[in-house]
Amino acid sequence: MSEALFGLIGVLVGSSITAIVTIYAERLKGKREAAQSDRQYERERRNARDSFQRESILTLQTATTELIQSVYAELDRLVALSKEAGSGKPASGRRPLLSDGPRPYCS
């Protein structure tokens, strides 16, 4: 009878230890998977942010280049009009500029 009792106690202790180790392993596995999921989410978020910034910078560079080109085109147009006007008189169809010289006061 004592052998059966020791056998029963051994089975109960063994199954308890197995259950505890299994629960611990599952919790550890769950924490690892959650950490991996968090790292994956952060990596995807960082990639999306970097991609958005890259696209925004390219768009800004394109807009700036177009602005500079239009400013130079307008400057070329003003230079051509200035050459057309000759001695500082405003050419027809354009407003006089401050650089055209003094203007009489309006009374």
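These are my notebook entries on a predicted model of one protein chain.

**Entry 1: overall make-up**

I began with the secondary structure. The protein chain has one helix and zero strands. I noted the helix as H1, which covers residues 2–85.

I then looked up how much of the chain is covered. Of the 107 residues in the protein chain, 4% are buried.

**Entry 2: a nonpolar patch**

Which residues make the nonpolar surface patch? I listed Leu5, Phe6, Leu8, Ile9, Leu12, Val13, Ile17 and Val21. Together they form a patch of about 790 Å².

Val13 is found in helix H1. Its relative accessible area is 43%, so I recorded Val13 as partly exposed. A patch residue needs over 30% relative accessible area, and Val13 stands at 43%.

**Entry 3: salt bridges**

How many salt bridges does a search of the whole structure find? I recorded three. As background, I noted that side chains of opposite charge can pair when their charged atoms come close.

*Glu42 and Arg45.* The side chains of this pair meet in a salt bridge, with 3.8 Å from N to O. I checked their positions: Glu42 and Arg45 are three residues apart in helix H1, which means that about one helical turn separates them. Glu42 has 38% relative accessibility and therefore counts as partly exposed.

*Asp50 and Arg49.* Here I recorded a salt bridge between the two side chains at 3.5 Å, N to O. I looked up the exposure of each partner. Asp50 is partly exposed, with a relative accessible area of 26%. Arg49 is also partly exposed, and its relative accessible area is 46%.

*Glu74 and Arg77.* The N to O value for this salt bridge is 2.6 Å. Glu74 and Arg77 lie three residues apart in helix H1, so they too are separated by about one helical turn.

**Entry 4: summary**

I close with the main points. The chain has one helix and zero strands, and 4% of its residues are buried. A nonpolar patch of about 790 Å² includes Val13, and the search of the whole structure gave three salt bridges.

Definitions and conventions
Residues are numbered from 1 along each chain as its sequence is written. This is a predicted model: local features need pLDDT of at least 70, side-chain atom pairs count only at pLDDT 80 or more; totals for chains, interfaces and linings use all residues. Side-chain values use heavy atoms; hydrogens and water are left out. Patches are made of residues with over 30% relative accessible area and no salt bridge: like charges are joined within 9 Å, nonpolar side chains (Val, Leu, Ile, Met, Phe, Trp, Tyr) within 5 Å. Accessible areas come from the Shrake-Rupley method with a 1.4 Å probe; for residues, only the protein chains shown count as cover. A salt bridge is a side-chain nitrogen of Lys or Arg within 4 Å of a carboxyl oxygen of Asp or Glu. Helices (H or I, at least four residues) and strands (E, at least two) are DSSP runs, numbered from the N terminus. Buried means under 20% relative accessible area, exposed over 50%, partly exposed in between (1.4 Å probe, protein chains only).
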